[in-house]
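Please read these points with the structure open beside you. They go through it strand by strand and then turn to the loops and the pocket.

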Amino acid sequence: MTATAATPETADARTPRTERISTAADGTQLDGPSTDGALSGDGRHAAFLTRAPALGCDQYEHCLKLKDLRTGALTGIDLGSGHLYGTPLLSTDGSRVAFTANKRFAAPYLHDRATGTSTRLWPADPPGSNELGAVQAISPDGTRVAYTIGNRNGNQNFRLLYVRDTVTGTDELISGPEEGQKGGASVADDGSRVAYQIGGYSEGPEDRADVFLKEPGTGARTQLDTGLGTAELVRLSNDGRRVLFNARGGLYVHTVHTVRTGTTERVADGRAVSATPDGRHAVLTGAGGLRVLDLRTGRGTDIGPADARAARGALSDNGRAVAFSSASADLVPDDTNGAADVFVRHTK
């Protein structure tokens, strides 16, 4: 059975609509669940994880698929049998895809769609013992990837934070093991500023995680969430001037004056899971599902049902398209596969 949801070619681009993207190239619905959808900033390309047998995947060996939302063309990133893949992140034009893949040990990778090649990201001579790695962020222009490496000892999984310059191929150490476990990172387009989280996020009363901003060129570094308890990094804007983070049940924006100075403002209630590169729009979770909030106007738009889940790279740059996964069968016509799918909600 084929899905008949509207596509960008058959619907007025200004009409709010929901499109199922976890389908075969001809629009046929898949015979297994799909999750972890991500969009390129221009909204043309998408990536998602799937366990659909029709695409050569299964519950023990899921696949990472890329889709051109204009043509429907479906391709895959395949590192070989036995690999498991983490949530993908796309550059603005969709030409580069950053992801984590795990066979025996997890490692960060960068895929170039033009050449079809995937490159493992790893520094030449990292300090200490390191066998694990994970992608944390890709800059919107695709020129920088933030990633962590570590080992299996205690809380050492994410002990080192690096940024790879994809033009020069060099890796810069941003945060060493003395700062502790890294819970996330985000990098500006020009690499001049990096935001990162130390510790793991928790809603409890203990201060388990903090958010920092660093200027690698000068070494200047400051904590942004002082006095707010546990904080969770959402992202750094592409120009390095705004840092979005969660704390105390709400979303905060730190506007950077210098690396060590700035103003912090609570802009919304709820937990943000994704934000646009300019820091204007954010996807927030709630009991009723997902909503996109315009942080400048305060206008919110409901996106998906209560079970909807969005990943870090869910938003297009203009905030008008959001990728999410859901097992709901009433979001598009003829959804009869009985499995979770990945959708894109076009808000206008």
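Which residue takes a positive phi in the hairpin of β13 and β14? Point 3 gives the reply.

1. This is a predicted model, in which local features need pLDDT of at least 70 and side-chain atom pairs count only at pLDDT 80 or more, while totals for chains, interfaces and linings use all residues. Residues are numbered from 1 along each chain as its sequence is written, and side-chain values use heavy atoms, with hydrogens and water left out. The protein chain has an average pLDDT (the predictor's confidence in each residue, from 0 to 100) of 93, and 95% of the residues score at least 70. Over residues 1–12, however, pLDDT stays under 50. For that stretch the model has 29 contacts (heavy atoms within 4.5 Å) beyond four places in sequence.

2. Strands here are DSSP runs of E, at least two residues long, numbered from the N terminus.

3. Two strands pair if DSSP finds at least two bridges between them. On one hand, β13 pairs with strand β12 (residues 144–150) in the antiparallel sense over 6 bridges, and Arg144 stands opposite Asp165. On the other, β13 pairs with strand β14 (residues 171–175), also antiparallel, over 4 bridges; Leu161 has Ser175 as its bridge partner there. The hairpin of β13 and β14 has 5 residues between the strands, and Gly169 is the residue with a positive phi, near 80°.

4. Next, β24 pairs in the antiparallel sense with strand β25 (residues 289–294) over 6 bridges. Val283 has Val292 as its bridge partner in β25. The hairpin of β24 and β25 has 2 residues between the strands.

5. Most residues other than glycine have a negative phi. Arg248 is not a glycine, yet its phi is positive, about 50°. Arg248 lies in the loop between β20 (242–247) and β21 (250–258), and it counts as exposed (over 50%) because its relative accessibility is 57%. Asp334 is not a glycine either and has a positive phi of about 60°.

6. Lys348 is found in the segment after β28 (341–346). Lys348 and Pro16 are 332 residues apart in sequence, but their C-alpha atoms are 4.6 Å apart in space. Lys348 counts as partly exposed because its relative accessibility is 40%.

7. The largest pocket has a volume of about 750 Å³. Of its 39 lining residues, the closest to the centre are Leu89, Gln136, Val234, Arg312 and Gly313. A pocket is an open set of points on a 1 Å grid over the protein atoms alone, where a 1.4 Å probe fits, with protein on both sides within 12 Å along at least five of seven lines; lining residues have an atom within 4 Å of a point. Grid points are joined across faces, edges and corners, and the volume is the space filled by probe spheres set on the points. Strands that each supply at least two lining residues include β7 (89–90) and β23 (271–275).

Technical notes
Buried means under 20% relative accessible area, exposed over 50%, partly exposed in between (1.4 Å probe, protein chains only).
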